[in-house]
Amino acid sequence: MSAEERDDPLIAQVLSVPLPAADADALIQWLKQEADAAWYRDPRRTLDYGGFIEQIGAARGDTRQMALGLMTQGDALRFLHRVTEAWAKLEQAGSAFLSAGDQFGWARTRIGRLGLSTELGFVEIALRDAEAARNIFTAHGDQEMTLRLDLNTAVVYDLMGDHAQALARYEAALAVALTLGERGQRYLPILHTNMGYAANFLGDLRRALAYYGQAKTHMLAAGETSGIINIDLALAYVALGQGRYQRALRLLHDVIERAEGSFLKKPPSHAAR
């Protein structure tokens, strides 16, 4: 969507008309799905969709729908590295959810704020809110939200240098992921990778190697080339630390070959003249 399309007065006019509840719910559900799908590909689109959701809710006087739109915008701003705006928008969303009597919605906004807290110096606030959010998710029996919260909390502890606490949180998230069947499978590569990093920082190389190996198995099955490269680099550093220089060299050669095969474009051949 171009800037002109985003600012089209017709869009604003359409969104200002209160929709029947069923139509609004269906449209917002679609917009939220599209917004989530665009996070990595084009967070500006996510930001637009979040704004549309907020406008639909505002036209209907539905505070919870407005809060969902604000949260979506906050997440998009985080991916756009507009961290101060993202923090403020997620705080605004959380307050709106509470105004609507939706504690679960408030808890969802605390996940995104964890990822912003280390850059803004608000770690203590974010971790305190995360504990409250975890209690809410647990009370609602939502294991996947608990997993996502634990994963993001662990990353904060890692960035703060508390790798033991980070590893404990990753392990808690992994325990939940293993109960979720197919839904939990998508979390396994990042969990095992991060657990490997944390164990490595703690000097437990044997444990780190085991986690890296599990991560690589999942990534090979999924064909995640960039993830495999990162794991092989981590394995090479472990091998160097162990004095296993030949293994480190083999791993680095594998990294180069995999990168050349996947990311480096070959120059076009010259046609005969």
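**Close-up views of a predicted model**

View A. At a relative accessibility of 68%, His81 counts as exposed. The value is over 50%, so the residue falls in the exposed class. The model shown here and in every other view is predicted. His81 sits in the loop between α5 and α6. Its phi is near 65°. That is a positive value in a residue other than glycine.

**View B. The largest pocket and the residues nearest its centre.** The volume of the largest pocket is about 1100 Å³. Its lining counts 31 residues. Nearest the centre lie Trp39, Tyr40, Arg78, Phe79 and Asn152. By class, the lining divides into 16 nonpolar, seven polar and eight charged residues.

**View C. Helices around the largest pocket.** Which helix gives the largest share of the lining? It is α7, with nine residues. Helix α7 covers residues 103-120. Other helices that each supply at least two lining residues are α3 (21-37), α5 (63-79), α6 (83-99), α9 (143-159) and α12 (188-201).

View D. A search of the whole structure finds 18 salt bridges. One of them joins Asp129 to Arg110, with the closest N and O atoms 3.1 Å apart. This pair links distant parts of the chain. Asp129 belongs to helix α8 (residues 123-140) and Arg110 to helix α7, 19 residues apart.

**View E. Arg113, another salt-bridge partner of Asp129.** The side chains of Arg113 and Asp129 meet in a salt bridge, 3.1 Å from N to O. Here too the pair links distant parts of the chain, with Arg113 in helix α7 and Asp129 in helix α8, 16 residues apart. Arg113 has a relative accessible area of 3% and is therefore buried.

**View F. A network of salt bridges.** Side chains of opposite charge can pair when their charged atoms come close. Which residues does the network link? Its members are Glu91, Arg110, Arg113, Arg128 and Asp129. The pairs of Views D and E, Asp129 with Arg110 and Arg113 with Asp129, join residues of this network.

View G. Glu144 pairs with Arg183 in a salt bridge, the closest N and O atoms being 2.9 Å apart. The two residues lie in distant parts of the chain, 39 residues apart. Glu144 is in helix α9, and Arg183 is in helix α11 (residues 182-185). Their accessibilities fall in separate classes. Glu144 counts as buried because its 14% relative accessibility is under 20%. Arg183 has a relative accessible area of 47% and is partly exposed. Its value lies between the 20% and 50% cut-offs.

**View H. A nonpolar patch on the surface.** Tyr237, Leu240 and Tyr245 make up this patch. Together they have about 380 Å² of accessible area. Where does Tyr245 lie? Tyr245 is part of helix α15, residues 245-262. Its relative accessibility is 58%, so Tyr245 counts as exposed.

Notes: Residues are numbered from 1 along each chain as its sequence is written. This is a predicted model: local features need pLDDT of at least 70, side-chain atom pairs count only at pLDDT 80 or more; totals for chains, interfaces and linings use all residues. Side-chain values use heavy atoms; hydrogens and water are left out. On a 1 Å grid over the protein atoms alone, a cavity is a set of points where a 1.4 Å probe fits but cannot get out, and a pocket is an open set with protein on both sides within 12 Å along at least five of seven lines; lining residues have an atom within 4 Å of a point. Grid points are joined across faces, edges and corners, and a volume is the space filled by probe spheres set on the points. Helices (H or I, at least four residues) and strands (E, at least two) are DSSP runs, numbered from the N terminus. Ala, Val, Leu, Ile, Met, Phe, Trp, Tyr, Cys and Pro count as nonpolar, Asp, Glu, Lys and Arg as charged, and the others, Gly among them, as polar. Patches are made of residues with over 30% relative accessible area and no salt bridge: like charges are joined within 9 Å, nonpolar side chains (Val, Leu, Ile, Met, Phe, Trp, Tyr) within 5 Å. Accessible areas come from the Shrake-Rupley method with a 1.4 Å probe; for residues, only the protein chains shown count as cover. A salt bridge is a side-chain nitrogen of Lys or Arg within 4 Å of a carboxyl oxygen of Asp or Glu. Buried means under 20% relative accessible area, exposed over 50%, partly exposed in between (1.4 Å probe, protein chains only).
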